[in-house]
Amino acid sequence: MRNDQHGLAMTGAGAAAARHYDRAIDELLHLRVEVATETRAALAESPDFPMGNVLSAYLGLLTTEADDARKARARFGAFQDRIDESSLLPRERAHVAAVRALLDGDWLTCGRLLGEITVEHPRDALALAAGHQVDFFTGDARSLRDRIGGALNAWREDDPHFGHVLGMYAFGLEEAGHYDRSEEAGLRAVELNARDVWGIHAVVHTYEMQGRFGEGLRYFDARLPDWSTGTFFNIHNWWHYCLYALEAGDEARALAIYDSVLAGGETCMELLDAAALLWRLHLEGSEQHERWRALADAWPGRVAEPFYAFNDMHAVMSYVGAGRVGEAEKLIATREAYVLEPRPGVTNRDMTLRVGLPVCRSLVAFGRGDYDAVVDLLYPIRHRVNEFGGSHAQRDAVQKTLLEAALRAGRRDIARVLVSERVSVRPCSPYNWLKQAALADELGERGAAAAARLRAGELARTGGRP
C-alpha cells in the first residue's frame, strides 16, 4: 500500500505507478494534456491500480463527448471484471461508485458521492477536481462554491496544490455571485502559481460579470504566456478574451482571434466556444456565413446521439447560423424522441426536457424570424437555464437571444424588464446601454436613446470604468 502526494492511502500501485499518478494529478490541476500520458503510464505499470483506473474514467467521462464516454465505459468495465471490489479501501470503493454513477449518466449522484468522499478526505484532490467539473456541467453554483469551500481549511498554504484548490474556490465564488471575494481568492491563487489557468479563468470571469472588460484585457495581456498555450483550456480563455473585445466594440479583433485560435476546434468544448462567439455576432446582425458553414460541418458526428444538452444548443446555433435549419430541426426531433422514454437517473434527459429543447427550439425560431415564439419559449425558463450547465457568461448567449427577440418582436414590457435587469446589475457594460438605447428608440424616446448611446460610448472608451 502506498500514499499519494496528499497523504491518502492507495492500493494496487507499484512505486513507478504511484509516481505517474501523482504527476497525472498535477497535470490535471494545471489542465495540461499530459494528464492523459501520465495516467496511461501509471496503468501500464500497474494495470489494476484502482485510483489510476478511476482517474482514467473521469478523464473520459468529463469531456462531454459521447465517444470518449463509450471508451471509458469499456475500459472501466474490464477493470471491474478483473478485481475484487471488496478488497479496495473505502475511499477507493467510493470513487468506483461515483464513476459507476457517471457511467450510468447520473451526474447528480456522482456529484453527491464525490462530496461524501471529500467530507472524510478533504485533501482528495481528484475528488475535488472531478466534483468541481460535475458541478460546472450541471450548473450548480452553490455546490461550485461550497464543495471546495468546505475542504479549504484542510489545505495548508505551503501545499503545492493549495493554489489550485483556491483557484477552484474562486470560480465557485464567482458563479455564486461573490465577486469581491472571488477576485481576491483568484488573484491569490495565481500569485501562488502563475500558470494556474483555472485561477486565471476565475479572475476573468469575475471581471466579465462586473463589466470590467478593460481590466480583463489588461489582466490577460499581462499574463499571456501563462494561459495562452500548453493546456486544453487555451481556446476557452481566448473566447473570454473575445468577449472583452466585443464589449469594447472591437469586432475585428474578436474575429482575428476566432480565425487564428477558435476556428478548427476538435472537441465539443472547443466547438461550443466558437459557436458562442459567432452567435453573439449574429444577434448584432454581423453575419459570418463562411465561418458558420465550416463550424456547422464539424458538429454532426459529435451530436449524433443525445449526451449533453449544452452541446446540443451550440450545435443548433451552428446549424441556424449556417442557414441549415433543417439539420437543426432534425437534431431537435431526435431529442424529442429521446425524452419520451423515462430514463430514470439520467441527468441529461431532464436537462434536455426542461431546458435543452426549449432553448434549441427558440434558436430555430430566431433563425426563422419568429421572434414572438423565441420570447414565449425563453421567458418562462430564463431563471433556470443554469440547469443544463455552463457558466453565467456562457449562458448569457441565451439571455441575449431573449432580449434581442423581445426588442425585434416589439414586446416592450418584457424588453423593458430585461434591459432594466441588465443595466442595474452591470451598469459598466456598453452592451447593456446600447440595448437601453434600442428600447428607447422603440418607445420613441429620442433623448433617452441618445443619452444611453453616449453612456455606452464613454464606457467603451474607459474599459468599463464608470
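Me: In this predicted model, does Phe366 count as buried or exposed?
Reply: The model is predicted, not experimental. Phe366 has a relative accessibility of 3%. Buried means under 20%. Phe366 therefore counts as buried.

Me: Which residue forms an aromatic pair with Phe366, and what is the angle between the planes?
Reply: The search of the whole structure finds 22 aromatic pairs. One of them joins Phe366 to Tyr371, at 5.2 Å centre to centre. Planes over 60 degrees apart count as edge-to-face. This pair is edge-to-face, with Tyr371 as the partner and an angle of 70°.

Me: What is the relative accessibility of Tyr371, and is Tyr371 buried or exposed?
Reply: The cut-off for buried is under 20%. Tyr371 falls under it, so Tyr371 counts as buried. Its relative accessibility is 19%.

Me: Leaving aside neighbours within four places in sequence, which residues is Trp299 in contact with?
Reply: Sequence neighbours within four places are left aside. The partners are then Cys268, Leu271, Leu272, Asn311, His314, Ala315, Ser318 and Tyr319.

Me: Which aromatic ring lies under the charged end of Arg123, and which under Lys400?
Reply: The charged end of Arg123 is 4.7 Å from the centre of its ring, which belongs to Trp155. Lys400 lies over a ring face, at 4.1 Å from the ring centre. For Arg123 the ring is that of Trp155; for Lys400 it is that of Tyr431.

Me: Where is Gly265, and is Gly265 buried or exposed?
Reply: Gly265 lies in the loop between α15 (251-262) and α16. Not counting residues up to four places away, Gly265 touches Glu270 and Leu271. Its relative accessible area is 17%, so Gly265 is buried.

Me: Leaving aside neighbours within four places in sequence, which residues is Glu208 in contact with?
Reply: Glu208 is found in helix α11 (residues 197-210). At 12% relative accessibility, Glu208 counts as buried. Beyond four places in sequence, its contacts are Leu243, Tyr244, Ala393 and Arg426.

Me: Which residues are the closest to the centre of the second largest pocket?
Reply: About 640 Å³ of space lies in this pocket. Its lining has 22 residues. The closest to the centre are Arg382, His383, His392, Asp396 and Gln399.

Me: Which element gives the largest share of the lining of the second largest pocket?
Reply: The second largest pocket has a space of about 640 Å³. Elements giving two or more residues to its lining are α11, α22 (392-409) and α23 (412-425). The largest share is seven residues, and it comes from α22.

Me: Which residues line the largest cavity?
Reply: The search finds one cavity of 30 Å³ or more. The largest cavity has a volume of about 30 Å³. Its lining is made of Thr64, Arg302, Val303, Glu305, Phe307, Tyr308, Asn311 and Asp312.

Technical notes
Residues numbered from 1 in each chain as written. Predicted model: local features only at pLDDT ≥ 70, side-chain atom pairs only at ≥ 80, totals over all residues. Heavy atoms only, no water. Contact = heavy atoms within 4.5 Å. Phe/Tyr/Trp six-rings, centres within 6.5 Å; stacked < 30°, edge-to-face > 60°. Buried < 20%, exposed > 50% of the residue type's maximum accessible area, 1.4 Å probe, protein only. Lys NZ or Arg CZ within 6 Å of the ring centre and 35° of its normal. Helix = DSSP H or I, 4+ residues; strand = E, 2+ residues; numbered from the N terminus. 1 Å grid on protein atoms, 1.4 Å probe; cavity = no way out; pocket = protein on both sides within 12 Å on 5 of 7 lines; lining within 4 Å. Points joined across faces, edges and corners; volume = space filled by probe spheres on them.
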